[in-house]
Amino acid sequence: MRTDELHVAVVGAGIAGLTLAAALSRAGIRCQVFEQTRHLGEVGAGIQIAPNASRILHRLGLAPHLRRTAVRPAAIEMRRWDDNQLIMRTPLGEECERLYEAPYYTIHRADLHQGLLELLPEGIVHLGLRCVGVEEKPDEVVLHFEGGPTATADVVVGADGIHSVVRDALVADEPRFSGQIIYRGLIPADRVSFLPEEPRVVLWLGPEQHCVCYPVSSGRLVSFGATTPGSDWRVESWSAEGRVEDLVAAYTGWNDQITRLLHAPDAVRRWALHDRDAVEWWSRGRITIIGDAAHPMLPFMAQGANQAIEDAAVLAACLRGVTSDGVAAALQRYAEIRKPRTAEIQRISRENNRTLHLPDGDRQQQRDQALRGNSGLRDQEWLYGYDAESAVIR
């Protein structure tokens, strides 16, 4: 294998894998993406893309696509579960873009996925190849696929999610159940005309659970996620169907706006929420991991996809100009840059599983008072103002 032209193999064609492929192509690095499914089409509902990730997507050339398909919400609001009283409002919109030089978006996963695909040259993504193992050799890594095919590369990157096969080559651990399940779905906007006309992200906080909704798909759809305690059901699958009536029953007694919202979808999906502990080793030799394969997070900070996008930008920057002999050092540098930040966001996301779901009482009132005092957009500088590519230069 030539040592003057790096070849990277990416396992997984989700948001993490496709963002990395786009970033590598931008950096002039050859890559191939191997995906187990035979037909691409990102499932799920909406995601929030904060400025720390949107600035990266803009640099990759996705700004026109985002302007066509995403929504720029005016604010994030937190409200009480029973009477819809406002607890906190953080302005977004033009104020966010002025402050952080990048917008805050809400977007359907499928729209983001399609936009990333369109950035890639033909022939990069290979479908119907399920990775079952990776084998590192002195000067290359061999990927083994179900049924016998193999591929080789200078670098293998696992972007294959929380159940990553590539991670298994580095770390011996298992996903951990959070005690929460989530129902997600999409609703035509004309069915929820009772929601405020101004686009916004709204979270209703209540005992043991919360609900969030926001517009996607240029405002044509509203995406929602509603958590409930779920100790008796631990299936983690994007395709697992739920029942609308079960969801509505779980939110009995909540305010009328939520009740009407949760009655509106035709169908919902549900899955159990898992994460994993932060680990010391993300990289070994020529193998590394990104996104949920490296640091699966609970969705209680809305940063999972954002951190995967940051990973992709940093990894591509660390590999720029590197030859085969320098791969191990470049991957270690990537991990050293990313691990402290992602571990802290994992920790806060896990802590929010408790703080967002407090029962009414003294602790809940203290939480709400603290939120009121921490609602300014400038308070998010550490999160939204972070420039992942600049972190490589420091």
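Two exercises on a predicted model follow, each with a worked solution.

Residues are numbered from 1 along each chain as its sequence is written. In this predicted model, local features need pLDDT of at least 70, side-chain atom pairs count only at pLDDT 80 or more, and totals for chains, interfaces and linings use all residues, while side-chain values use heavy atoms, with hydrogens and water left out.

**Exercise 1.** Determine which residues of helix α4 are buried and where they fall around its axis.

*Solution.* 
1. Helix α4 (a DSSP run of H or I, at least four residues) spans residues 93-100.
2. Its buried residues (under 20% relative accessible area, 1.4 Å probe, protein chains only) are Gly93, Cys96 and Tyr100.
3. Viewed down the axis of α4, these residues fall within an arc of 55 degrees (taken from the directions from the helix axis to the C-beta atoms), so they line one face of the helix.
4. The face turned away from the buried side carries Glu94 and Arg98, which are exposed (over 50%).
5. The cover over the buried residues of α4 includes α2 and α12 (381-384).

**Exercise 2.** Classify the packing of helix α2 against helix α9.

*Solution.* 
1. Helix α2 (residues 51-59) and helix α9 (residues 304-319) pack at an angle of about 45 degrees, their axes 8 Å apart.
2. In contact (heavy atoms within 4.5 Å) are Asn52, Ala53, Ile56 and Leu57 of α2 with Asn306, Gln307, Ile309, Glu310 and Ala313 of α9.

Key. Axes are lines fitted to C-alpha atoms, for helices over the stretch in contact, and angles run from 0 to 180 degrees between N-to-C directions. Helices (H or I, at least four residues) and strands (E, at least two) are DSSP runs, numbered from the N terminus. Angles under 35 degrees count as roughly parallel, over 145 as roughly antiparallel, 65 to 115 as roughly perpendicular and the rest as oblique.
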